[in-house]
Amino acid sequence: MSMDRRSGCPINLSLEVFGDRWSLIILRDMIFGGRRHFRELLNGSMEGIASNILADRLKRLMELGMLTKADDPSHKQKAIYSLTEMAITLVPILAHLGAWGRVWLPVSEELSIRAELLEKGGPAMWDKFMDELRHEHLGMPLDTASGPSVRATLQAAYEAAVTSKALATSPAA
């Protein structure tokens, strides 16, 4: 895809890719939520993306080389989206973005627990997660002797935080 560029500055060019409201949210949901179908992305995002916007952003991310689309072998009318290496390497950036947001913005405990774990896990956790994503999206081999997946660890922490919040806010029995 050719981009109209305001300058050759790497920050400017990155903002031209990610500066819209939805592209990073879609990538977040694919990376951390494991969502790969249009309906999963449409219905699974708490931010409530409109279907026409989702279709537009998926097309744009494919044109930029961040996603690929293929027919889903399990369902004739579905397509499955996959991250490319270009998108997978965003994991450390998303970890830093989440860590910054935890410090400076009014985040909720349950929605920031994954960012906290990624921050504490550092580059070793990010590398393991990227390897898992490469296996899931690119079919690369994976060392399975390394314990639970990063996504499973992050999801378990999120679910524990949700449960803890529910117990703390429920009336005493």
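**Close-up views of a predicted model**

Helix H6 contributes the most residues to the lining of the largest pocket, seven in number. The model is predicted: local features need pLDDT of at least 70, side-chain atom pairs count only at pLDDT 80 or more, and totals for chains, interfaces and linings use all residues. Numbering runs from 1 along each chain as its sequence is written, and side-chain values use heavy atoms, with hydrogens and water left out.

**View A. The largest pocket.** Its volume is about 1,000 Å³. Ile25, Arg28, Glu47, Gly98 and Leu111 are the closest to the centre among the 30 lining residues. A pocket here is an open set of points on a 1 Å grid over the protein atoms alone, where a 1.4 Å probe fits, with protein on both sides within 12 Å along at least five of seven lines; lining residues have an atom within 4 Å of a point. Points are joined across faces, edges and corners, and the volume is the space filled by probe spheres set on them.

**View B. The pocket lining.** At least two lining residues come from each of helices H2 (23-33), H6 (91-104), H7 (109-138) and H8 (150-169). Helices are DSSP runs (H or I, at least four residues), numbered from the N terminus. The lining comprises 16 nonpolar, seven polar and seven charged residues. Nonpolar covers Ala, Val, Leu, Ile, Met, Phe, Trp, Tyr, Cys and Pro; charged covers Asp, Glu, Lys and Arg; the others, Gly among them, are polar.

**View C. Helix H2 and its end.** Eight of the 11 residues of H2 are buried (under 20% relative accessible area; exposed is over 50%, partly exposed in between; 1.4 Å probe, protein chains only). Among them are Ser23, Ile25, Asp29 and Phe32. The side chain of Asp29 forms a salt bridge with that of Arg35 (3.3 Å, N to O). Asp29 is buried at 5% relative accessible area, whereas Arg35 is partly exposed at 22%.

View D. The model holds 13 salt bridges (a side-chain nitrogen of Lys or Arg within 4 Å of a carboxyl oxygen of Asp or Glu). One of them joins the side chains of Asp56 and Arg57 (2.8 Å, N to O). Asp56 is partly exposed at 38%; Arg57 is buried at 14%. A salt-bridge network links Asp20, Asp56, Arg57 and Arg60.

**View E. Glu85 to Arg134.** The closest N and O atoms of this salt bridge lie 2.7 Å apart. Glu85 sits in helix H5 (residues 85-88) and Arg134 in helix H7, so the pair ties together parts 49 residues apart in sequence. Glu85 is partly exposed at 33%. Arg134 is buried at 14%.

**View F. Rings of the model.** The count is one aromatic pair. Phe32 and Phe129 form this tilted pair, 5.5 Å centre to centre with 40° between the planes. Phe32 belongs to H2 and Phe129 to H7, 97 residues apart. Rings of Phe, Tyr and Trp (its six-membered ring) pair if their centres lie within 6.5 Å; planes under 30 degrees apart are stacked, over 60 edge-to-face, the rest tilted. Both partners are buried: Phe32 at 14%, Phe129 at 1%. Elsewhere, Arg114 lies over the face of Tyr158, 4.2 Å from the ring centre (NZ of Lys or CZ of Arg within 6 Å of the ring centre and within 35 degrees of the ring normal).
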